[in-house]
Amino acid sequence: PPPGMKYLDIPSWTRRITPTGCNLGLEGFDGAIGYDEPAHYFGFIPTRTVPANQIRHTLLKFAQASSGTARNPNTNAPYAGWDRETTTDPNMSYAYRYLRAATAAPALPEFAPYIVNPAGGYAYQDFKKSVPLSAWDIEANPPRRLAVGFLENNQPNGLVDGRYWPPPGLDNVGGNSPREWLFIFGTNYSETPNPDFQRSVLNFGMPIWWFIAAGRRGEVSFSPGGTGEDQFEILANHVNGTDDVFEFKAPAAPTPSEELAKEDVKKINVFPNPYYALNAAETNRFVRFVTFNFLPKKATIRIFNLAGQLVRVLEKDDDSQFFRWDLNNQNNFPVASGMYIAHIEMPDLGSTKILKFAIIQEQEILDIF
């Protein structure tokens with residue numbers, strides 16, 4: 001299968017996210033979710049270090065989260081409404097936060113407290129309980145929780161508040177959009193930050209499994225009835241890798257016996273029948289034949305026309321079940337088109353078999369006749 005996402009599933013939820021205005025050209029959800037291989041959104045920049053054959057089915061369990069009272073004055077999109085320092089929701093995740101345009105002045109005054117590292121690229125900012133969901137590798141036994149990260153965008157239409165809270169049905173991809181993008185990493189979740197993730201997600205390789213650019217489906221909360229109530233499953237294509245090994249075990253061939261050989265007499269046939277100017281197995285127009293199959297080691301095949309005249313005698317004495325007739329008579333001339341009878345005598349089995357078949361030759365003019 002192709003690398004990336006196979007399809008999405010909804011184990012338990014009221015739909016909270018939407019692909020509207022969020023097309024990143026990814027595999028699923030109208031371009032809003034996927035692995036995006038081989039050419040991902042960031043172009044040649046080495047954003048991903050995980051090969052496609054290592055991606056696994058992933059379950060997202062949404063924490064109980066809602067919007068706050070403050071809004072972006074340019075878009076009226078709300079900021080998140082939970083406190084990163086005091087939340088106790090078990091599905092709220094510590095996350096690596098990255099910021100686009102961190103070197104610029106705060107696009108809105110309220111962004112200033114959340115620009116803590118004014119570096120280039122998609123600069124790392126902090127590690128807080130800032131993502132209202134937990135991600136799980138559900139192919140592991142038991143399921144293992146995965147590390148997560150997200151991006152914010154220091155632009156006038158952004159939602160820079162230190163928390164992942166995608167916009168409600170607005171553009172989430174354009175340069176002036178919030179760009180609240182979620183990254184699911186293929187590493188184990190920990191509440192202690194990993195230094196390998198505390199750098200620009202744009203300029204350094206990261207073990208990213210999934211990009212999620214989806215927005216919220218209107219002014220909705222996550223899991224309003226209780227944490228983990230809303231769930232979203234991303235199913236991965238299982239791509240073959242260089243370390244995958246496949247073994248096929250065929251049943252043992254039966255030991256040759258007279259009883260089995262006599263049973264095979266019932267299966268003896270000739271193909272193609274009818275022979276119509278050519279045989280798909282022929283390599284050129286000068287190599288013509290029909291094939292008898294299920295023959296024993298020794299057999300005498302006598303070919304007759306419908307007038308009862310003997311056309312050719314063929315002697316078989318080998319271990320193959322197959323025997324070819326080149327459609328020539330005893331004088332090595334091509335036989336005429338018509339119906340033929342094959343009388344097959346098998347002396348070792350004391351059996352005979354009679355077949356009827358048709359030969360339709362293509363038109364030809366012999367040099368010698």
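How many helices and strands does the protein chain have? The protein chain has one helix and 22 strands. These are DSSP runs, numbered from the N terminus: helices are H or I with at least four residues, strands are E with at least two. The radius of gyration is 36 Å, well over the 21 Å from the globule rule for 369 residues, so the protein chain is more spread out than a compact globule. That radius is taken over C-alpha atoms, and the rule is 2.2 Å times the number of residues to the power 0.38. The C-alpha trace spans about 105 × 45 × 35 Å along its principal axes.

This is a predicted model, where local features need pLDDT of at least 70, side-chain atom pairs count only at pLDDT 80 or more, and totals for chains, interfaces and linings use all residues. Residues are numbered from 1 along each chain as its sequence is written, and side-chain values use heavy atoms, with hydrogens and water left out.

Of the 369 residues, 47% are buried (under 20% relative accessible area, 1.4 Å probe, protein chains only). Among contacts (heavy atoms within 4.5 Å) with a separation of 6 or more, 69% join residues 24 or more positions apart.

Now the hairpin. Strand E18 (residues 298–305) pairs with strand E19 (residues 310–317) in the antiparallel sense, over seven bridges. Pairing requires at least two DSSP bridges between the strands. Thr 300 has Glu 315 in E19 as its bridge partner. Four residues lie between the strands of this hairpin, and Gly 308 takes a positive phi near 85°.

Note on methods. Buried < 20%, exposed > 50% of the residue type's maximum accessible area, 1.4 Å probe, protein only.
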